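Q: I'm new to this one, and I'd like to learn how to read it. Can you walk me through a few features?

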Amino acid sequence: MTRVDFHTCLQNPLDYTCRLVRKAYQAERQLIVLGEPAILHALDKRLWIFSPLDFIPHCMASSALADETPVVLTTNLDQAPYYPIMINLGREVPQQLMHLDRLIEIIGNKKHELEAGRKRYGFYRSRGYTLNMYKKTE
């Protein structure tokens, strides 16, 4: 069953996501990042400038290179390759959840982000997923 990790109370969710993506890439793990177009665009830009010493290959799911790229950004999981790890930057519970080994939920510290995160947490808990909480102080 999918393991769901909640990383909550993040002051800067995109920078935090960049660190997680870098960690996964360095461990040679492939992952999908799911989110809304504006957030993915901002993350794409951030990944290019995040660290002058690290190159993190990534692309949008619509790219012809998506199947060969270790980090794929998408608004729609139907358009993305299957990778065992997903980071959710969206507000909703992702579809195709049961096919993942691990889902990482990124929750900012704004009231609406925390409320949406609580709803998703309740959804996962009611369906018996293994849940882990990480409250971060950045």
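A: Happy to. One term before we start: a residue is called buried when its relative accessible area is under 20%, and exposed when that area is over 50%, with partly exposed in between. Keep in mind that this is a predicted model.

Q: Is Tyr 124 buried or exposed, then?
A: Tyr 124 has 0% relative accessibility, so it counts as buried. Its ring pairs with the ring of Tyr 129: the centres are 6.0 Å apart and the planes stand at 85°, so this pair is edge-to-face. Tyr 129 has a relative accessible area of 15%, which means that this residue is buried too.

Q: How many aromatic pairs are there?
A: The general idea is that two rings pair if their centres lie within 6.5 Å, and planes over 60 degrees apart make the pair edge-to-face. By this rule there are five aromatic pairs. One of them joins Phe 123 and Tyr 124, edge-to-face, with 5.8 Å from centre to centre and 75° between the planes. Phe 123 is partly exposed, at a relative accessible area of 29%.

Q: Which residues form the aromatic cluster?
A: Phe 6, Tyr 121, Phe 123, Tyr 124 and Tyr 129 form one cluster.

Q: Which strands does β1 run parallel to?
A: One is β6, joined to β1 by six bridges in a parallel arrangement. There, Val 4 stands opposite Leu 103. Another is β7, residues 130–135, also parallel to β1 and joined to it by six bridges. Phe 6 has Met 133 of β7 as its bridge partner.

Q: What about backbone angles? What is the phi of Glu 28?
A: Glu 28 is not a glycine, yet its phi is positive, about 60°. You'll find Glu 28 in the loop between α1 (13–26) and β2 (31–34). Its relative accessible area is 72%, so Glu 28 is exposed.

Q: And where is Gln 96?
A: Look in the loop between β5 (85–88) and β6 (102–108). Gln 96 has a positive phi of about 60° as well, though it isn't a glycine. With a relative accessible area of 32%, Gln 96 is partly exposed.

Notes:
Residues are numbered from 1 along each chain as its sequence is written. This is a predicted model: local features need pLDDT of at least 70, side-chain atom pairs count only at pLDDT 80 or more; totals for chains, interfaces and linings use all residues. Side-chain values use heavy atoms; hydrogens and water are left out. Helices (H or I, at least four residues) and strands (E, at least two) are DSSP runs, numbered from the N terminus. Buried means under 20% relative accessible area, exposed over 50%, partly exposed in between (1.4 Å probe, protein chains only). Rings of Phe, Tyr and Trp (its six-membered ring) pair if their centres lie within 6.5 Å; planes under 30 degrees apart count as stacked, over 60 as edge-to-face and the rest as tilted. Two strands pair if DSSP finds at least two bridges between them.
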